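I opened this notebook to keep a record of what I looked up, in the order in which I looked.

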Amino acid sequence: MFSTLLAPSVRIERTFRAPPERVFDAWLDPGLVTKWMAPGSITARAEIDARIGGHYRVFHAIDGMSAGGFDARITDLDRPRCLAFDWGFWGPERDQGPKYDSRLTLTFAVIPAGTRLLLVHDKLDALAAAQPEAAESVEFGWQDVFNKLALVIE
C-alpha cells in the first residue's frame, strides 16, 4: 500500500538468465514487447521509436476491446546499462481520456547468473489520486510481466 506521506513508487529487482544486451533489447523490440508487456490474458501491440525523445506506446486489448496501455517518451537510452521513460498510463479511451504521468527507470547490471534488472517506477501521484486501485496494482503488474519477459528471453 502506498503511503500518503510519500510520493507513490515501486522498486523491483529481478534476475534474468540472459545477458544485459538481450534483456535491454527486449524492451525496445516491438515484436518482443507484444509478447510480454501485458498482464494476465491481455494482448498488446507496440509502437517504439528507440531513441532519446522517441515515443514508446503499448496498446492493450481484451477480446478485441481497448483496455488502455502506456504512452511514454524515452528520456535515457544507454545500451545495455540504463533505459528511462516519462511514462504515461492510458485508460480504455486511450488519448481521448485522461493520461496519468509517471517516471520509469531501468538499470541493467551484469551478474554471474546473467542480468540484474532494477526497475524504479515513481511519480505515480496522479494515478494514485485518480485511481488508487490501479496504483496499488502497479507492482503486481510489473511482477507479472517480468514472469512473461523471463519466458521470452531466457
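The entries below go from the chain as a whole to single residues.

Entry 1, the whole chain. I note at the outset that I am working with a predicted model. I counted five helices and seven strands in the protein chain, and reading along the sequence I found the order β-α-α-β-β-β-β-β-β-α-α-α. I then looked at overall dimensions: the C-alpha atoms fill a box of roughly 40 × 40 × 30 Å along the principal axes. The radius of gyration is 15 Å, which agrees with the value near 15 Å that a compact globule of 154 residues would have. Of the 154 residues, 43% count as buried, and the chain exposes about 7900 Å², with carbon and sulfur atoms supplying 53% of that area. Among contacts between residues at least 6 apart in sequence, I found that 49% join residues at least 24 apart.

Entry 2, strand S1. Which residues of S1 make up the covered face, and which the uncovered one? In this strand, residues 10-16, I found Val10, Ile12, Arg14 and Phe16 on the covered face, while Arg11, Glu13 and Thr15 lie on the uncovered one. S1 runs antiparallel to S7, and seven bridges join the two strands; one pairing I looked up is that of Glu13, whose bridge partner in S7 is Leu118.

My search of the whole structure returned twelve aromatic pairs. One of them is Phe16 with Phe146, an edge-to-face pair at 5.8 Å centre to centre with 85 degrees between the planes. Because Phe16 lies in strand S1 and Phe146 in helix H5 (residues 138-153), this pair ties together parts that are 130 residues apart in sequence. I then turned to Phe24 and Phe108, another edge-to-face pair, 5.2 Å centre to centre and with 65 degrees between the planes. Phe24 belongs to helix H1 (residues 20-26) and Phe108 to strand S6 (residues 99-111), so that distant parts of the chain, 84 residues apart, are linked. Phe24 counts as buried at 1% relative accessibility, and Phe108 is buried at 6%. I also recorded one aromatic cluster, whose members include Phe16, Trp36, Tyr56, Phe85, Trp142 and Phe146.

Is Asp122 buried or exposed? With a relative accessible area of 15%, Asp122 is buried, and its place is in strand S7. Its side chain makes a polar contact of 2.6 Å with the side chain of Arg103. Leaving out residues up to four places away in sequence, I listed Pro8, Ser9, Ser102 and Arg103 as the residues that Asp122 touches.

Asp63 counts as exposed, at 78% relative accessibility. Lys123 also has a positive phi, about 55 degrees, and is found in the loop between strand S7 (114-122) and helix H3 (125-130); at 46% relative accessibility, Lys123 counts as partly exposed. Lastly, I recorded a cis peptide bond between Arg79 and Pro80, with omega about -5 degrees, and placed Pro80 in the loop between strand S4 (65-78) and strand S5 (82-90).

Terms used:
Residues numbered from 1 in each chain as written. Predicted model: local features only at pLDDT ≥ 70, side-chain atom pairs only at ≥ 80, totals over all residues. Heavy atoms only, no water. Helix = DSSP H or I, 4+ residues; strand = E, 2+ residues; numbered from the N terminus. Buried < 20%, exposed > 50% of the residue type's maximum accessible area, 1.4 Å probe, protein only. Pairing = 2+ DSSP bridges. Polar contact = N/O pair within 3.5 Å; in protein donor to acceptor, adjacent residues only side chain to side chain. Contact = heavy atoms within 4.5 Å. Rg over C-alpha atoms; globule rule 2.2 N^0.38 Å. Areas by Shrake-Rupley, 256 points an atom, 1.4 Å probe, with all protein chains shown as cover. Phe/Tyr/Trp six-rings, centres within 6.5 Å; stacked < 30°, edge-to-face > 60°.
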